[in-house]
Amino acid sequence: MIYDVDSSQVQSFLAKGQLAQAQAAFDTFAWQNFLALSSPADANGNPDFNVQKDDPKQPRVWEFLREAGTVFLPDGAQPEPWDGNSRKLAAHVKRREVPTRRLWMTSLGSQKSAQDTTRLDESFQAFTGPLVDLNGNWVRYEVLINKTEFDYIYKNELYNLDGQIVYTAKNPIQFPANDGKNAPGSMEIKLAWKQLAGNDDPSRFFVRQAQVVHYDAGSDGVQKAGRITTETMGLVGMHIAVRTQSAPTWVWATFEHVDNVNANPLETDGKGHPRRPNFYNPETPVAPVNQLPPKNARTTSGAPLTTWAENLTTTPTQVLQVLQVPGGTEAINAKYQGDLKDQGSVLQYYKLIGTQWPTSPNFPAFPGGMLFGTNNSSAPESIIYKTPGKVVPTYLVNTTMETFFQLGNQTAGPLEDDARLPSGTVSDSQIVFGTESCVGCHYSAGAAIGFKTDLQGRPVLDANGKRIPIFGKNANSGLTGSGNYSWLLQMRAQAKPYKAANAATAPVKVSQPTP
């Protein structure tokens, strides 16, 4: 696996004003990572160069990465060391047997059983809701991290909120970058899986069998775990984020299945049927696009509708790709897809959507809102330079993972970061065009810096009896508990069980008025 781009070559391109050539270097780096991660693995989790034919049943390199749910455990428990998980997968390799994945319909930050080692991280897209394919089935997601990132989290006890608070009191969080050509930098990947039905062609997908736990609602509208089915799942999206020496703001690449939003109907599948997109129905051209389904389920009886139930959310999402893949990226796609076609690899049916990277790593981020002392918008600089490093391109989304952020014309505030304003309030009302940015979103990620107390210094508990964490976030300067571009610390880690030392430190419920 290639650990970084050739920085001297990239800087030479930039010095000559050849941004397209520099972008091509990062797009090539993205493809190299995608192919290495998707390669058949040996017993150590490295690409197996002895495999002469791409056997789809052989475990892949990315399957040796750790699923986030096995790192961030209920009550902040210590996860199993890296080697324990790797030994289990090594046994599958020796038997030339692919592990069955277990996909749960659960949301970010929810409690999960520590015994389930391969399952869905998120039932919903980040900060929104479910994506429904043309067959009425939900897309499933999972997040995995490599050993470099795992070791850093494990060593510093960042897998629970208590450990984060201790660490951030003395240190900024800085995930390791690559050590030249000797060791890889921290890496996170996110996968999107589509449940294959009778009208799908499995020969065009990277396929895995999975046990899917469905969350349905009964007559009371309460969402709860229910039926478990074994399904054939096809890969439709992959995010790859890696921290490198050339990119302290990480390199962000995203891949999609070629048929996600467009397909050639002149081609037919094995049954003679015209090909059709996975998430766009050309027969309903006037249907609203990229629309989040209305919430239709509750977490407890009589509570407001705050979530979605799978059995009540079956209307397909009409997905439109708002920003097209750049021409230079498409040229690189064609090269790799042609080579993969010659090899007979199913990976020929995937394409790079784009790669984000910093053109000037030390360039500062620009704050959002209105310019100080004026009524002038801080846009466009606050959007183009939202994150440090003069990152290009400004926007990058995967239609299977950020469907509902593809809004087009909108107020500038949310693109700059309105995360901590009251609902319905924007800091900048200037109308601009926008979708979403991988790095722009992850720049907002924080780590725990403390627990909420009342005016008497007593811990405040939420409705579930858990202490309420206070999270830091990014900043244009200073140490404010930044999560260093990883949402896992904020969205997945839990607190250890709290035991009051005495009556004076006994916790109070959040619903209880404080003096």
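How are H2 and H6 oriented relative to each other: roughly parallel or roughly antiparallel? The close-ups below, taken from a predicted model, start with that pair.

**View 1. Helices H2 and H6 side by side.** Here helix H2 (residues 19-37) packs on helix H6 (residues 327-343) at an angle of about 30 degrees, and their axes are 10 Å apart. Angles under 35 degrees count as roughly parallel, so H2 and H6 are roughly parallel to each other. Their crossing is right-handed.

**View 2. Who touches whom between H2 and H6.** On the H2 side we have Ala 24, Asp 27, Thr 28, Trp 31, Gln 32 and Leu 35, and they meet Thr 329, Ile 332, Asn 333, Tyr 336, Gln 337 and Leu 340 of H6. Sorted by class, that contact comes to six nonpolar, five polar and one charged residues.

**View 3. Inside the largest cavity.** The whole structure holds five cavities of 30 Å³ or more, and the largest has about 390 Å³ of space. Its lining counts 25 residues, with Ala 126, Lys 190, His 239, His 442 and Trp 487 closest to the centre.

View 4. Of its 14 lining residues, Ile 383, Lys 386, Thr 394, Ser 437 and Gly 440 sit nearest the centre. Helix H7 (381-384) and H9 each give two or more residues to the lining, which splits into seven nonpolar, five polar and two charged residues.

Technical notes. Residues are numbered from 1 along each chain as its sequence is written. This is a predicted model: local features need pLDDT of at least 70, side-chain atom pairs count only at pLDDT 80 or more; totals for chains, interfaces and linings use all residues. Side-chain values use heavy atoms; hydrogens and water are left out. Axes are lines fitted to C-alpha atoms, for helices over the stretch in contact, and angles run from 0 to 180 degrees between N-to-C directions. Helices (H or I, at least four residues) and strands (E, at least two) are DSSP runs, numbered from the N terminus. Angles under 35 degrees count as roughly parallel, over 145 as roughly antiparallel, 65 to 115 as roughly perpendicular and the rest as oblique. A crossing is left-handed if the near helix is turned anticlockwise from the far one by less than a right angle, and right-handed if clockwise. Contact means heavy atoms within 4.5 Å. Ala, Val, Leu, Ile, Met, Phe, Trp, Tyr, Cys and Pro count as nonpolar, Asp, Glu, Lys and Arg as charged, and the others, Gly among them, as polar. On a 1 Å grid over the protein atoms alone, a cavity is a set of points where a 1.4 Å probe fits but cannot get out, and a pocket is an open set with protein on both sides within 12 Å along at least five of seven lines; lining residues have an atom within 4 Å of a point. Grid points are joined across faces, edges and corners, and a volume is the space filled by probe spheres set on the points.
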